[in-house]
Amino acid sequence: MTKLTVITPAGESRAVEADPSTSLMEAIRDAGIDGIVAECGGTAACATCHVFVDEAAQAALEPADEHEEGMLEFAAVEATAASRLSCQVRVADLPEGAVVTLPDTQL
Amino acid sequence: MPRPLPVIDDVSLAEMYDDPYPIYARLRQEAPVAWLAPANIALITRFDDMIAIERDDETFPANDPRSLQIRSMGHSLMRRDGAEHASERAVLVKSFSPPMVKSHWSPLFREIADELVGDIAPRGQGDLFTDFAAPMAARALAQIIGIPETDWRDLLWWSQALIDATGNYADLPEPWERCARASEGIDAAIDHHAALWAKAPNPSALSAMVAAGWPIERIRADIKVIIGGGLNEPRDSIGTVLLGLLSDAAQLEAVKADPALGRKAFEEAVRWVAPIGMYPRRVARETVLSDTVLPAGTAIGLSAASACRDESHFGESAGRFDMNRPKAQHLAFGSGPHFCLGTWMARSMVGDIAVPALLDALPELRLDPQNPPRMGGWVFRGPLSLPAIWSPK
Ligand code: FES
């Protein structure tokens, strides 16, 4: 299991033990944390699984591909350099202890 | 103990066509998972059950060998599951992606909308459904699919023929015959245009399929499913947004004053009256949903229309068109891997362009008080007519 910290839209910090075989979107959703909508079920078609990842995670992850970049422009909260679609990030690729912040809204 | 599937045999499909919403309200309360005898399916009417189903395509696959859609259109991606579905869909994603919509398709939608509005403005009256919504959706679809030389009126009847065959549960001969004629026309349009795009690719869906080297059977089936699913929905949603706004002066004035609100009005309109009211899945292994047993093999219908009015998500005002309600996920585009491919296309075409263009160009546009609008349908639902008057210009 990978230990992550998720900062909820309400600003609470939640510890999550994430299964490395899932996506970050599934890990947050399955931990029962509100703030991910994931309308398209992880197919990079809805931009409602937007998250901000910390610098350690940014350094460890492959950068977003062209499609993910394009989708992020249409997220409800404006994307930054830290933005990812959580459905396109595998927990296995995240560093232990990574901090993931949820935007105020996904819709 | 979970209960066996309750049977609902005291409603008729004619009643459902007329106005399914009171029936859905009753089912959500009393029998959210129920065998709807006149349609021969188990109908799922609660929001949370629909989400659970779309998250589990092993228990609830989209593929069903009995599917009338497969019989009428061929086996398209809409009836495939898992990795096979994902790789097929991936070929089409770029054509329908929001950046492509913004850079390539929106300018085209704007041209079509301006031309149509220019045509009807001097008339002072007309049916916004047949004179505006239908040609808007059909002309845009011919471009998106990649068969631009096709007459939009052909596209309109082809789409209806495919849909009627897909819903031909009574197995009448006439819908099958009409579907066969439509298929001939569609296959000819595909052959003609596929040869063009093989030499000169473009952002259309057909061009993407040709570039991916798909076998012709797959191209035909997927183009047909896009024709069947890509015409009614934008057309009906244009009509529904207009109906919602023209029935509520405050919301109408708000969108006129700020056309950017068109998108909000669109999103609320499809929640209010989901254009695809119901779509099928199959139960692959016995399971329990809302405390009701669903035996393996059961054909189920997911009522997006009902889920979009589920009180537990949208409160007691769920039946009202109110674009100012708190933002919340709705299920008009479905959810999960089959989430509507045309979502971003429709948001732009209907919400950003067609509706604001019409409101801007027709001063004092209002519903015709002599001729009330008509709505119909439960599998697909939308306006049947939308008579309106305005000051000619
Ligand atoms: S879940 Fe839809 S884009 Fe990630």
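Modeller: A residue is called buried when its relative accessible area is under 20%, exposed when that area is over 50%, and partly exposed in between, with a 1.4 Å probe and the protein chains only. This is a predicted model, in which local features need pLDDT of at least 70 and side-chain atom pairs count only at pLDDT 80 or more, while totals for chains, interfaces and linings use all residues. Residues are numbered from 1 along each chain as its sequence is written, chains are lettered from A and ligands numbered from 1 in the order in which they are written, and side-chain values use heavy atoms, with hydrogens and water left out.

Colleague: Why is Lys224(B) called buried?

Modeller: The relative accessible area of Lys224(B) is 6%, which is under 20%, and therefore the residue counts as buried. Asp187(B), at 15% relative accessibility, counts as buried too.

Colleague: What makes Asp187(B) and Lys224(B) a salt bridge?

Modeller: The term asks for a side-chain nitrogen of Lys or Arg within 4 Å of a carboxyl oxygen of Asp or Glu. In Asp187(B) and Lys224(B) the closest N and O atoms are 3.0 Å apart, so the pair meets that rule. Asp187(B) belongs to helix α9 of chain B and Lys224(B) to helix α11 (residues 216–230), so the pair ties together parts that are 37 residues apart in sequence; here helices (H or I, at least four residues) and strands (E, at least two) are DSSP runs, numbered from the N terminus. Asp187(B) and Lys224(B) also sit in a network of salt bridges with Asp191(B), Glu217(B) and Arg220(B).

Colleague: How do you know that Asp171(B) and Arg71(B) form a salt bridge, and where in chain B do the two residues lie?

Modeller: Their closest N and O atoms are 3.4 Å apart, and this is within the 4 Å limit, so the pair qualifies. Asp171(B) lies in the loop between α8 (152–166) and α9 (173–199), whereas Arg71(B) lies in helix α4 (residues 68–73), 100 residues apart. With relative accessibility of 46% for Asp171(B) and 48% for Arg71(B), both residues count as partly exposed.

Colleague: How many salt bridges and polar contacts does the rule find across the interface of chain A and chain B?

Modeller: The rule finds zero salt bridges there, but it does find three residue pairs in polar contact, both residues at pLDDT 80 or more. A polar contact is a pair of N or O atoms within 3.5 Å; within protein, one must be able to donate a hydrogen and the other to accept it, and residues adjacent in sequence count only if both atoms are side-chain atoms.

Colleague: What makes up the contact between the chains, and how much area is buried?

Modeller: Contact means heavy atoms within 4.5 Å, and it takes 14 residues from chain A and 18 residues from chain B. The buried area, which is the accessible area (1.4 Å probe) that two parts lose on being put together, summed over both, is about 1,400 Å², with carbon and sulfur atoms giving 63% of it. Glu39(A), Phe74(A) and Leu107(A) supply 45% of the area that chain A buries against chain B, more than any other three residues.

Colleague: What makes the phi of Ala38(A) worth a remark, and where does the residue lie?

Modeller: Most residues other than glycine have a negative phi. Phi of Ala38(A), however, is near 55°, a positive value, and the residue lies in the loop between α1 (24–30) and β3 (50–53) of chain A. Ala44(A), found in the loop between α1 and β3, has a positive phi of about 55°. Ala38(A) is buried at 8%, and Ala44(A) is buried at 8%.
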